[in-house]
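Student: I would like to go through this structure with you. Can we take it one question at a time?

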Amino acid sequence: MTRFIHVALGQLGPIARADTRVQVVARLCEMMREAHACGAHLIVYPELALTTFFPRWYMDSDGEINSFFEREMPSAETLPLFALSRELGVGFYLGYAELTSENGRQVRYNTSILVDRGGTIVGKYRKVHLPGHYEHEPWRRFQHLEKRYFTPGDRFGVTEAFGGKIGMAICNDRRWAETYRVMGLQGVEMVLIGYNTPVHNAPAPAHDDLSLFHNQLSMQAGAYQNGTWVVGVAKAGIEEGVDSIGGSCIIAPSGEVVASCITKGDEVAIARCDLDFCALYKRTTFNFDLHRQPHAYGMIVERKGETLRADGSPLG
Ligand code: ING
């Protein structure tokens with residue numbers, strides 16, 4: 001019996017700083033209804049989908065920073081999205097800023113959740129790769145202070161849901177081969193990714209013209225090299241003066257793009273994803289048990305600034 005997931009891209013256009021959670025949730029619900037009308041089982045929303053991309057501003061007041069974070073999920077404002085999910089039988093993947101406490105200390109994560117077709121949270125992920133910087137850097141046209149506002153997550157996981165093995169990642173994670181391989185080694189069949197990616201990358205402006213190409217290249221490589229579907233969804237358009245790429249797309253285990261958004265606003269596009277298609281790659285070209293050679297990769301223990309072998313001996 002083939003295992004199809006009808007997946008919808010739930011691309012968001014800009015969210016203004018003044019937009020309320022209620023206004024944004026209404027947009028998310030509207031797209032879920034449209035996805036349902038197209039027969040979707042799952043809709044994938046961007047990273048930090050409830051607010052504007054606030055790491056573009058330097059803030060040092062706890063109160064102001066925390067105004068962009070959710071203390072509980074579902075919250076009163078997001079409950080309508082969970083209710084609609086249950087009513088329509090459409091699951092969703094949602095990125096948001098999470099404020100929690102650990103050992104009596106407040107901790108902030110760049111988080112995403114996977115919600116099944118009954119409106120129940122079945123997976124949660126905290127972004128591992130935090131790009132940008134920690135201190136205010138006035139030379140930039142805009143800041144990218146994810147290292148200031150978030151703590152890195154410490155693992156990639158694969159959740160059994162929607163009839164298969166679903167992986168979760170967020171934005172910058174998609175640029176790192178490790179993200180896909182760690183989940184590939186767990187048999188992942190579909191990786192869900194939301195992103196906010198400015199066209200302009202201050203440390204490397206020469207790359208700006210390639211921002212859409214690098215977006216798609218990263219996800220196509222991850223899909224093909226691990227025999228998995230990859231779904232990438234943007235918060236796009238000119239948001240508080242910063243232009244962010246669109247390029248939301250669904251990529252098959254072959255690396256082929258099977259669906260994509262064509263605007264930089266709120267847009268739904270859908271594809272019928274056969275999870276059994278993964279086997280055409282996992283059992284052949286990327287049969288890890290048959291072809292990978294871990295003995296040659298070295299069990300490398302990496303500490304900041306130095307790379308050692310597992311027994312602590314230096315490389316070389
Ligand atoms: N945004 C960007 C991303 O990785 C970035 C940051 C842009 C890094 C361009 C490198 C090049 O897509 C987030 N939120 O990670």
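Student: Which residues does His214 touch, leaving out residues up to four places away in sequence?
Tutor: This is a predicted model, where local features need pLDDT of at least 70, side-chain atom pairs count only at pLDDT 80 or more, and totals for chains, interfaces and linings use all residues. Residues are numbered from 1 along each chain as its sequence is written, and side-chain values use heavy atoms, with hydrogens and water left out. Contact means heavy atoms within 4.5 Å. By that rule, the residues touched by His214 are Arg175 and His207.

Student: How far apart are the C-alpha atoms of His214 and Arg175?
Tutor: His214 sits in helix α6. Along the chain, His214 and Arg175 are 39 residues apart.

Student: Is His214 buried, partly exposed or exposed?
Tutor: Buried means under 20% relative accessible area, exposed means over 50%, and partly exposed is in between (1.4 Å probe, protein chains only). His214 has 23% relative accessibility, so the class is partly exposed.

Student: How many helices and strands does the protein chain have?
Tutor: Both kinds of element are DSSP runs, numbered from the N terminus. A helix is H or I with at least four residues, and a strand is E with at least two. Counted this way, the protein chain has nine helices and 16 strands.

Student: What radius of gyration does the protein chain have?
Tutor: The radius is taken over C-alpha atoms, and the globule rule is 2.2 Å times the number of residues to the power 0.38. For 316 residues, a compact globule would come out near 20 Å. The protein chain agrees with that, at 19 Å.

Student: What share of the residues is buried?
Tutor: The protein chain has 316 residues. Apply the burial cut-off to them, and the buried share is 53%.

Student: Which residues of helix α3 are buried, and where do they lie on the helix?
Tutor: Helix α3 covers residues 79-88, and its buried residues are Leu81, Phe82, Leu84, Ser85 and Leu88. Seen down the axis, they fall within an arc of 160 degrees (from the directions from the helix axis to the C-beta atoms), so they line one face of the helix. On the other side, Arg86 and Glu87 are exposed. The buried residues pack against α1, β3, β4 and β5.

Student: Which peptide bond is cis?
Tutor: Look in the loop between α2 and α3, where Pro74 lies. Omega there is near 0 degrees, for the bond from Met73 to Pro74.

Student: What phi does Asn103 have, and what phi does Phe162 have?
Tutor: Asn103 lies in the loop between β3 and β4, and at 81% relative accessibility Asn103 counts as exposed. Phe162 lies in the loop between β6 and β7, and at 17% Phe162 counts as buried. Neither residue is a glycine. Phi is positive in each: near 55 degrees for Asn103, and about 55 degrees for Phe162.
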